[in-house]
Amino acid sequence: MAPALDVQRVRKDFPILARTVRGDKPLVYLDSAATSQKPVAVLDAEREFYETSNAAVHRGAHQLAEEATDAYEGARAAIARFVGASPSDIVFTKNATEGLNLAAYAFSNATAKAQHGSRVDPRFILGPQDSVVVTEMEHHANLIPWQELCAKTGAQLRWIGVTDEGYLNLDELDVIDETTKVVSVVHQSNILGTINPVDLLMARAHEFGAVGVVDACQSIPHMPVDVPALGADLVTWSGHKMLGPTGIGLVWGNQEVLEAMPPFLTGGSMIETVYMDHSTFAPPPQRFEAGVPMVAQAVGLGAAVRYLEDVGMDTVAQHEHDITGYALDRLEQLPGVRIIGPASNVSRGSAISFVVDGIHPHDVGQILDDRGVAVRVGHHCAWPTCRRFNVPATTRLSTYIYNDNSDIDAAVEGIVAAQEFFGVA
Amino acid sequence: MSGNVEALYQEIILDHYKYPRGKGLIADAAGESFQVNPTCGDEVTVSVKLDDHGHLHVGYEGQGCSISQASASVMSELLEEASVADVARAERAFLEMMHSKGAAEPDEDVLGDGVAFAGVSKYPARIKCALLPWMALQDARHKAGIEFDKVEKTEG
């Protein structure tokens with residue numbers, strides 16, 4: 001059993017949680033699946049970097065450039081350690097969406113190059129005889145890049161469906177077959193909260209020689225994840241959902257796969273040699289980090305993972321599991337409220353979507369907001385998942401280390417108030 | 001509930017949401033437009049035609065939040081059998097009101113129940129909801145060739 005989390009102590013590290021909203025209401029922040037709040041340690045790290053060591057990294061012959069490079073690479077090492085990876089297998093991107101595009105563009109770039117006689121790794125060449133597999137619970141960031149890839153190459157897009165309970169329908173695993181070149185799946189759904197058996201999906205992908213990609217945006221912030229052990233070739237996630245700054249995301253790649261991949265964004269910093277008519281590229285991870293990178297953001301994220309390590313990811317996971325159980329119980333007792341996604345606290349994280357009979361999610365969110373309770377409403381960038389459950393949108397509450405059961409109580413009271421206000425109670 | 005949220009959800013809005021007026025598309029529309037708010041999935045379809053007397057007929061369908069659906073109901077009630085000049089006045093007044101950040105003092109003679117949406121203009125995230133049917137109207141009437149400038153020029 002992990003040690004209990006002292007939420008009141010944690011909250012002191014997050015200045016924003018002390019503010020009021022909509023007049024004099026204390027802020028109840030239940031939207032961490034969209035973005036997490038930032039502890040002072042992260043803000044200080046960014047500020048300190050700018051105040052003492054700011055310079056462009058990996059260039060320049062001066063002391064500041066050395067210090068900035070050390071800070072940037074030190075952050076890479078800290079993040080790598082946090083997910084059990086080697087620093088050389090960690091690529092910094094602007095966000096997870098860019099990470100997924102980096103993966104998808106490896107295929108379209110390789111396919112286009114092969115058509116003009118360049119030598120590329122055949123794993124990345126796609127044509128009409130090939131297929132790409134995702135699931136029906138993907139965030140748009142892990143759907144649209146693959147739709148576009150299929151539109152460019154003629155490959156077929158397939159997906160694994162979702163059961164009424166909100167789990168992947170594993171009877172449909174056979175959509176991954178000998179035609180499949182890439183399988184890209186979400187580890188933990190941002191809308192349903194479901195935690196998927198990605199090891200199973202990656203094993204099936206590898207059975208057919210397909211490249212396996214995992215979107216880990218919602219899992220890595222909330223539970224211990226040994227990234228290389230997921231069995232994927234590429235794993236991507238964002239910094240801002242794990243107490244880090246915006247503008248920084250990560251791709252972990254199996255070294256052999258990263259080395260076989262063509263670059264995504266090109267320009268300075270990612271080259272080996274440059275001539276007027278052609279260039280050769282740096283080895284990973286630099287190959288995928290064109291231009292001056294997000295140094296201060298990387299430093300901030302380095303501080304975020306140290307903060308999470310101090311709390312302990314087992315403690316984080318246990319805390320969120322407990323609060324999720326409490327929230328599911330309270331929501332289930334409310335008449336007229338239906339959970340979209342797993343209703344039991346099994347293989348699920350702390351993002352809970354629900355609908356309230358007779359009240360549109362936008363209106364539920366408005367009444368909650370009026371009481372200081374911040375939730376997300378809409379389709380959560382997972383519109384096809386909403387369609388799967390025949391709902392136009394949902395209200396979603398999501399927690400983190402600074403939430404406790406009293407925040408869930410505030411949300412539940414707000415839902416009851418909304419039901420009274422709209423006359424559906 | 002706070003005064004702000006009460007101002008947002010005026011009785012008139014809630015009433016139109018619960019009891020939408022004249023819902024349904026018109027059969028032989030000259031123009032029709034489907035509009036969606038991609039951030040929340042609200043949907044409204046508006047269809048229009050002019051009759052032989054130059055009066056507008058407007059139909060709508062939709063699903064979504066109270067603000068978007070009440071706005072469609074209010075709009076259709078206000079504009080049904082209105083002259084093109086009145087449609088132009090109402091459209092301009094509604095758009096102006098929604099961009100006023102709560103400062104507008106709308107004219108009930110022009111906007112009818114539409115004045116109830118003045119409070120919505122204080123909530124940036126909800127302005128799009130209230131405007132959705134009006135955006136559909138604008139697009140539908142363009143498709144039907146109902147243009148204000150032309151009409152005003154010939155009139156005046």
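This is a predicted model: local features need pLDDT of at least 70, side-chain atom pairs count only at pLDDT 80 or more; totals for chains, interfaces and linings use all residues.
B:Glu32 stands opposite B:Ser47, a residue of strand E2 of chain B. Strand E2 of chain B covers residues 42-50 and is joined to E1(B) by seven bridges, the two strands running antiparallel. Between E1(B) and E2(B) lie four residues, and the two strands form a hairpin. In the turn of this hairpin, B:Gly41 has a positive phi of about 85°.

Strands of a sheet pair through backbone hydrogen bonds, either parallel or antiparallel.

The loop between H6 and helix H7 (148-155) of chain B holds B:Gly145. Is B:Gly145 buried or exposed? B:Gly145 counts as exposed because it has 10 C-beta neighbours inside 10 Å, and a residue with 12 or fewer is placed in that class. From B:Gly112, B:Gly145 is 33 residues away in sequence and 25 Å away in space, C-alpha to C-alpha.

Chain B also meets chain A. In this contact, 13 residues of chain B touch 16 residues of chain A. Helix H1 of chain B, residues 3-8, gives the largest share of the chain B side, with three residues. By class, that side of chain B has six nonpolar and seven polar residues, and no charged ones.

Chain A itself is divided by its domain assignment into domain 1 (7-30 + 312-421) and domain 2 (46-309). The C-alpha centres of domain 1 and domain 2 of chain A are 29 Å apart. Where the two domains of chain A meet, 23 residues of domain 1 are in contact with 22 residues of domain 2. On the domain 1 side, at least two residues each come from helix H9 (313-332), strand E14 (352-356), helix H11 (383-388) and strand E17 (394-397) of chain A. The largest share of that side, five residues, is supplied by H9(A). Sorted by class, the domain 1 side has 10 nonpolar, eight polar and five charged residues.

Helix H4 (residues 96-115) and helix H5 (residues 144-153) of chain A pack with their axes 9 Å apart, at an angle of about 5°. H4(A) is therefore roughly parallel to H5(A), since angles under 35 degrees are counted that way. Which residues of H4(A) meet H5(A)? They are A:Leu100, A:Asn101, A:Ala104, A:Phe107, A:Ser108 and A:Thr111. Their counterparts in H5(A) are A:Pro145, A:Trp146, A:Glu148, A:Leu149, A:Lys152 and A:Thr153. The residues of this contact between H4(A) and H5(A) divide into six nonpolar, four polar and two charged.

Technical notes:
Residues are numbered from 1 along each chain as its sequence is written. Chains are lettered from A and ligands numbered from 1 in the order in which they are written. Domain bounds come from an automatic or database domain assignment. Two residues are in contact if their C-beta atoms, placed from the backbone, lie within 7 Å. Ala, Val, Leu, Ile, Met, Phe, Trp, Tyr, Cys and Pro count as nonpolar, Asp, Glu, Lys and Arg as charged, and the others, Gly among them, as polar. Two strands pair if DSSP finds at least two bridges between them. Axes are lines fitted to C-alpha atoms, for helices over the stretch in contact, and angles run from 0 to 180 degrees between N-to-C directions. Angles under 35 degrees count as roughly parallel, over 145 as roughly antiparallel, 65 to 115 as roughly perpendicular and the rest as oblique. A residue is buried if 20 or more other C-beta atoms lie within 10 Å of its own, exposed if 12 or fewer, and partly exposed in between; C-beta atoms are placed from the backbone.
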